[in-house]
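Please read these notes with the structure open beside them. They go from the whole chain to single residues.

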Amino acid sequence: MNTFIIGNGETRKDFDLESLRDKGEIYGCNALYRDFSPTLLFATDQDIILEIIQENYCLENECCFSDWDIIPTEMYENFQEGLGPVIHIGERESANGFSIIGQGSGGFDVTYIIWVANENIKSWSNQYSFDTGSSAIHWASENEGTIYLLGFDLRETDDGKNNNLYKDTNAYSPSDQRMNNISKWINEIKFIIENNPNVSYYRVDDSNQNPEEWNDLENVKCISYNEFKSEINAEAVL
């Protein structure tokens, strides 16, 4: 089975994601939902999770949130005590439960109570503290098959700035800010790849070069977008 995981690096901006429909599972990350609806949308950061919830995306589309817990409605009064400033999202009357997201420098300077009714939200325990892209890869790797990574650029722009299609928007860093998580992403993905030797990974990037930290991994390759298009189109003919 093919799984396509869509990161938000700028190298994928000219690729038509709709061409992947019916060719496998499509997992997306964070603000991708603004432009495209994948099979599963992953998010780990509270700012983008709040945006996704408030846009009602989860009502008709499946999402996967890190450490997302649903608390029974009748427990609300117990949790409300001592929370400080609270902002409510959704309607309690129609809810089956609620979830809590804290914001601020201390984590809970402002607390969001999210009333949950018919949202399609999966949860997993993020025991390794993976970022969103790594979480999607980890989830997909539970099934043997082939995983393609698009938009996983794992580098800054040529002038050393933020390489993300959604920079300068809500929940994202400004365009002139350096990227500090690149080494973390590279090592997280390496950990996943080396612990899933029966899965084949392809990072799609016209550089045709993976991070040097992956050089000893036999089950990951880098292919160009033209090679990727030829491969998935050939599979469709078969």
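1. The chain has 5 helices and 12 strands. Keep in mind that this is a predicted model.

2. How does the radius of gyration of the chain agree with that of a compact globule? For 238 residues, a compact globule would have a value near 18 Å, and the chain has 19 Å, so the two agree. The C-alpha trace spans about 55 × 40 × 30 Å along its principal axes.

3. Burial can be stated for the chain as a whole: 49% of the 238 residues count as buried.

4. Taking contacts between residues at least 6 apart in sequence, 56% join residues at least 24 apart.

5. The chain carries 16 positive and 42 negative charges.

6. The structure holds 19 aromatic pairs. One of them is formed by Y76 and W115, whose ring centres are 5.1 Å apart.

7. The Y76 and W115 pair links distant parts of the chain. Y76 belongs to helix α2 (residues 76-80) and W115 to strand β8 (residues 110-116), and the two residues are 39 residues apart.

8. Are Y76 and W115 buried or exposed? Buried means under 20% relative accessible area. Y76 has a relative accessible area of 6%, so Y76 is buried. W115 has 5%, so W115 is buried as well.

9. Ring pairs also build a cluster, which links F4, F15, Y148, Y202, Y225 and F228. To find the cluster in the view, select these six residues by number.

10. I121 is worth a separate look. I121 lies in strand β9 (residues 121-124). Which residues does I121 touch, leaving aside those up to four places away in sequence? They are I53, C58, C63, F65 and W68. For one of these, C58, the separation from I121 is 63 residues in sequence, while the C-alpha atoms of I121 and C58 are 6.7 Å apart in space.

Conventions
Residues numbered from 1 in each chain as written. Predicted model: local features only at pLDDT ≥ 70, side-chain atom pairs only at ≥ 80, totals over all residues. Heavy atoms only, no water. Helix = DSSP H or I, 4+ residues; strand = E, 2+ residues; numbered from the N terminus. Rg over C-alpha atoms; globule rule 2.2 N^0.38 Å. Buried < 20%, exposed > 50% of the residue type's maximum accessible area, 1.4 Å probe, protein only. Contact = heavy atoms within 4.5 Å. Lys, Arg positive; Asp, Glu negative; His and termini not counted. Charge placed at Lys NZ, Arg CZ, Asp CG, Glu CD. Phe/Tyr/Trp six-rings, centres within 6.5 Å; stacked < 30°, edge-to-face > 60°.
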